[in-house]
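Work through these exercises with the model in view. Try each task before reading its solution.

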Amino acid sequence: MGIQQISVFLENTTGRLCEVTRTLAASEVNLRAISIADTADFGILRLIVDKTGDAVNALAAAGFTTRLTDVAAVEIEDRPGSLAALMELFQKSGINIEYLYASLEGNAGKAVVIFKLEDNEKGFEIIKKSGLAMADGF
């Protein structure tokens, strides 16, 4: 049980990010979390949205290359130390985290941390056993 993340591959040129956000806006897709990693030549934009299928279709129609990835979205307390406690849980369980980013789009006093885990099945089970809430959308 995870959520789907959209990865969009972008040339590192002026206006490309604007084109993505404009495309999503025109399709009435709302962003829930966003992250971008770049190199000199290209970037990978990672998105969590409210209407994944609509977003993928709109981006493809606009000529963008996308990929869907299952990720874990974990709700934690929005206070110092909450993320550290979750990181310790993964470390003790031998779960490798490939990358993460966060959103404050959740319940009041909570943050949602989005994880790409090396082993989703094992990671999801550890999260479930720990009593933490996994978001299935937000």
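**Exercise 1. Two helix pairs**

In which hand does α3 pass α4?

Solution. 
- Step 1. Keep in mind that this is a predicted model.
- Step 2. Look at the crossing. α3 passes α4 in a right-handed crossing.
- Step 3. Locate the pair. Helix α3 covers residues 82–93, and helix α4 covers residues 120–130. Their axes are 11 Å apart, and the packing angle is about 125°.
- Step 4. Classify the angle. Angles of 65 to 115 degrees count as roughly perpendicular, and those over 145 as roughly antiparallel. An angle of about 125° therefore makes α3 oblique to α4.
- Step 5. Turn to the other pair. Helix α1 spans residues 16–26 and helix α2 spans residues 52–61. They pack at about 125°, with axes 9 Å apart. So α1 and α2 are oblique to each other.
- Step 6. The crossing of α1 and α2 is right-handed.

**Exercise 2. Salt bridges around R16**

Which residues are linked with R16 in a network of salt bridges? Give the distances and say how exposed each partner is.

Solution. 
- Step 1. Start with the total. The whole structure holds 4 salt bridges.
- Step 2. Take one partner of R16. E11 forms a salt bridge with R16, and the closest N and O atoms are 2.7 Å apart.
- Step 3. Take another partner. The side chain of E19 also meets that of R16 in a salt bridge, at 2.7 Å from N to O.
- Step 4. Join the pairs. E11, R16 and E19 form a network of salt bridges.
- Step 5. Compare accessibility with the cut-off. Buried means under 20% relative accessible area. R16 has 16%, so R16 is buried. E11 has 43%, so E11 is partly exposed. E19 has 29%, so E19 is partly exposed too.

**Exercise 3. A bridge between strands**

Which residue forms a salt bridge with E77? Find the strands involved.

Solution. 
- Step 1. Find the partner. E77 bridges to K110, with the closest N and O atoms 2.5 Å apart.
- Step 2. Find the strands. E77 is in strand β4 (residues 65–77), and K110 is in strand β6 (residues 110–117). The two residues are 33 residues apart, and the pair links distant parts of the chain.
- Step 3. Read the accessibility. E77 has 35% relative accessibility, so E77 counts as partly exposed. K110 has a relative accessible area of 23%, so K110 is partly exposed as well.

**Exercise 4. A nonpolar patch**

Which residues make the nonpolar surface patch of about 310 Å²? Name the strand that gives the most to the patch.

Solution. 
- Step 1. List the members. They are L17, L31, I34 and I36.
- Step 2. Find the main contributor. Strand β2 (residues 31–38) gives the most, with 3 residues.
- Step 3. Look at one member. L31 is found in strand β2.
- Step 4. Ask why L31 can belong. Patch residues need over 30% relative accessible area. L31 has 31% and is therefore partly exposed.

**Exercise 5. Buried or exposed?**

Is E28 buried or exposed? Is L45 buried or exposed?

Solution. 
- Step 1. Apply the cut-off. Exposed means over 50% relative accessible area. E28 has 64%, so E28 is exposed.
- Step 2. Note the backbone. The phi of E28 is near 55°, a positive value in a residue other than glycine.
- Step 3. Read its value. L45 has a relative accessible area of 1%, so L45 is buried.

**Exercise 6. Sequence and space**

How far apart are the C-alpha atoms of L45 and S7?

Solution. 
- Step 1. L45 and S7 are 38 residues apart along the chain, and their C-alpha atoms are separated by 5.5 Å.
- Step 2. At 31% relative accessibility, G15 counts as partly exposed.

Terms used. Residues numbered from 1 in each chain as written. Predicted model: local features only at pLDDT ≥ 70, side-chain atom pairs only at ≥ 80, totals over all residues. Heavy atoms only, no water. Patch = residues over 30% accessible without salt bridge, like charges linked within 9 Å, V, L, I, M, F, W, Y side chains within 5 Å. Areas by Shrake-Rupley, 256 points an atom, 1.4 Å probe, with all protein chains shown as cover. Helix = DSSP H or I, 4+ residues; strand = E, 2+ residues; numbered from the N terminus. Buried < 20%, exposed > 50% of the residue type's maximum accessible area, 1.4 Å probe, protein only. Axes fitted to C-alpha atoms, helices over the stretch in contact; angles between N-to-C directions. Parallel < 35°, antiparallel > 145°, perpendicular 65-115°, else oblique. Left-handed = near helix turned anticlockwise from the far one by under 90°.
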